[in-house]
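Me: Could you take a close look at one helix pair and the pocket beside those helices' names in the lining list? I'd like one connected walk-through.

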Amino acid sequence: MTTQKNLSLPDRIWKFFASVTLAIILIAALALTSIVGTIIEQNAGYEKNIKVLSTFVGEGLAPAAYRIFDAMGFMNMYHSWWFLTLLSLFALNLTICSIDRLPRIWKLVTDPMIPLKENVLRNLAIRKEFTVSASLETAQSATEQVLKGHGFAFNTAPEDGGGTQVFGQKGGYSRLGVYVVHGSILVIFVGSIIGGIFGFKGGLNLPEGATSDVVYLYGSGSQVPLGFEVKCNWYETEFYGSSDQPKLFKSELSVIENGQEILRKWIRVNDPLVYKGVTFYQSSYGPISSPEDGYFVFTANTPGVENETIWAKKNQPFQIPGTDIFATVVDFSPALGTNRQTGQLYTYTSSMNNPAVKMVFTREGKETLKPGWIWKRWPQTGKLTDEITLDFTHYWGAQFTGLQVRKDPGVWLVYLGCTLMSIALFVAFFMSHRKVWVRIESDRKQTRVLLGASASKNRHSFEKAVDKMVSELTVKSEGGNS
Amino acid sequence: MSSSDLFNISTFAYIAAMVAYIAYLVFRKNGIGYTATGITILGFLGQTAAIIVRWQESFVQWMRFSPDTSFLLAISRSAPLRNLYESLVFFIWSMIVIYLVIEFVYKNRSLGAFVTPIAGLALAFIEMSGMSKDISPLVPALQSNWLIAHVLISFFGYGAFGVSYATANMHLILETDDKKSPSYLFWAVTFAAFIWCIFIMLAKLSLYPPVMGADGREIPVQPPVSFWIGGAVVYAVLLGLVWRLGLSLKKVFRFFALSTDILDDITYKAIAVGFPLLSLGIITGAIWADSAWGTYWSWDPKETWSLITWFVYALYLHSRLMRGWKGRKTAVLALIGFISVIFTYLGVNLLLSGLHSYGGG
Ligand code: HEM
């Protein structure tokens, strides 16, 4: 070992950053500090964390503890200067460590193999020695066939004593797997930094029918122009059976550029809309407190009329097509339920879980049919007579869709890094650089074979493969043709 | 038979298997060894059947709500990996799979004495916590194939880590001669805690059985404070016993020619399987979050704890590169890694969610 004292300062710094000891320290530091950030709720405000801290240090000390933690950046610690410094040191460590070792590994991968002396061969971790009753030439060609069959690239060299040595290797590149793992971490870092600098994350609540060309950043709330317009045509919640458990949230969005509709898509959770690098995710929804442009949408089925759509406003009578009946919406409830005890109808929540409209019907100015409620989720309530059905399908313009809007030009790098890491981890742990040397020499009427092998990893499984190769070799050289 | 009957059978099978494995360690009769493996396989089959029954139940439920879904999609949407209860069951199941493979490959049963109690503990934990076993319909965010992949992969990883916990624990027993050394105390405290959890579950079930609610669901009964004080005393006694008897276990392991080298090797191999799976689990989780919310990483406590776990196992892998770290120190890291797994998985929901306002589940 060279002593540290003889090294120049840059060399010493290099060595410091190339060391696995530093890696251990940094990874441990990242792990330990990360724990704190899971206990203190991040970006949560004073009250919540005072409560958290009180459970640990008592109510008296909590405010003081809060001030200390706040000053150290623990309230938003994953973005604090010292956590980012730790991450940067970690990245630097990883980079320098890899650069430091790569030349040596590269040499191991690309160096041509050379035949080994007998005494060296006998010292390898895996050794097999046996004789076959076949000529040297037959044994040699059998060996070459077996190595080829097992995917080894091999060479042959004559031995001093008249025999030959066949030697080969495979999987040399698997030694690079670990470096690709490390590199992929850096790729993910770069991707997330690019996303942080050049991207944005915001939200947008769009009422049905409304259009917007900006979104509002999370945190600051400032506006970011999109460069195009997005419009919400329709928002819809579906429920499981008759329950209030949502099954699906979906909105139909349009992208509009220069007054022209470019694209139209139904988005739902797990299925966003992407346009020009901006992604729109379905994230929430809600009612508009006093909709002015609300339309009640009905589908009418009467003799001679099939599935005709009607858009109606409250208190404005409309004619049911194919009949001389006029219908009027006189009342609306976003979630109309029945009280189990009294049987009375009441609105049980303000969100649109079970919307219903109260209708009155007139013919020639006189009331006809019974006035009553039609529920959107109970189509049978729209069956007015045997021949006339009026389904209440939607209250349009009364809800907004909550969109999460993101632009992240670095995300492809993050995914690239993730893909690389997945493949490289597999290579690093389950593949190995395998080498075999086979010395073949005549021994009176027989041929003596000495096989030595080594693997950079997973020696046990290579040993099994070698056993198989040995038996194939014996069969091939003795049995001849197979 | 209902799925919960089958689960109960496998819980008791795993606990019985632990007894059989320990008896095998003590009496060294092959017959006992085969019995132990047989009981474990029985428990495993029971659990597999239970999972299939549950899957079928939720498949029927899904088809009732969404009759127009294709068969494959319905199979995927009804996979029993949707809440804490179902994921725990799968965790244990995958650990037993990995254990049985290792028993077969290494032809060594001693591990079973450690793995089956972990399986029993975890299954028992489900009962103790009184968590919901309802088959609830999937909320929209959970309707994702990435989520299924995420949960499946993560739990196979956790299963592998469970095995590495067992071997690392045995390793520490073999390595230490001094009952006062920190590593001896460390394994004794954690091991006693695992046994204690099983004990306290059985005690709680028999002394304070859950009552049947009006809607047919079981409602867990919270025991009084005195129960927990008694529990603390029991833990102290257990710790004392484990601490005193640990060195005798060592003689048993020695007798089985279980060397620290073999144990170190299995621990490493199990982590070499678990680590890529954990990484893939984190990655698929990030992809799911990205497709659902547009954020692949948001530093929420669950994500962060999975990252911490990942760091701990990275520490384990790299500590082996340092001179003098093979052996005891790496085994301690493997134990810490598994504690971190358990915390990621349960602690975040049970402890941190009490501290904060996140929902459970
Ligand atoms: C958390 C981040 C890291 C991960 C996930 C990671 C992953 C890995 C993996 C999977 C291996 C293979 C281990 C084995 O085969 O047993 C490895 C080896 C290694 N890592 Fe890392 N690593 C990380 C950080 C670092 C850092 C910061 C350094 C910087 C010094 C480093 C240096 C090494 C070295 C020198 C090896 C051995 C390479 C060889 O065997 O040729 N690692 N790493």
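Reply: α9(B) passes α10(B) in a left-handed crossing (left-handed if the near helix is turned anticlockwise from the far one by less than a right angle; helices are DSSP runs of H or I, at least four residues, numbered from the N terminus). This is a predicted model, where local features need pLDDT of at least 70, side-chain atom pairs count only at pLDDT 80 or more, and totals for chains, interfaces and linings use all residues. Residues are numbered from 1 along each chain as written, chains are lettered from A and ligands numbered from 1 in written order, and side-chain values use heavy atoms, without hydrogens and water.

The two axes come within 10 Å and cross at roughly 145 degrees (lines fitted to C-alpha atoms over the stretch in contact, with angles from 0 to 180 degrees between N-to-C directions). On the α9(B) side, the contact (heavy atoms within 4.5 Å) includes Tyr268(B) and Phe275(B), while α10(B) brings Trp310(B) and Leu317(B), among others. It divides into 11 nonpolar, 4 polar and 1 charged (Ala, Val, Leu, Ile, Met, Phe, Trp, Tyr, Cys and Pro are nonpolar; Asp, Glu, Lys and Arg charged; the others, Gly among them, polar).

Both helices also supply at least two residues each to the lining of the second largest pocket. That pocket holds about 1400 Å³ of space (an open set of points on a 1 Å grid over the protein atoms alone, where a 1.4 Å probe fits, with protein on both sides within 12 Å along at least five of seven lines; lining residues have an atom within 4 Å of a point; points join across faces, edges and corners, and the volume is the space filled by probe spheres set on them). Tyr268(B) and Leu317(B) are among the lining residues closest to its centre.
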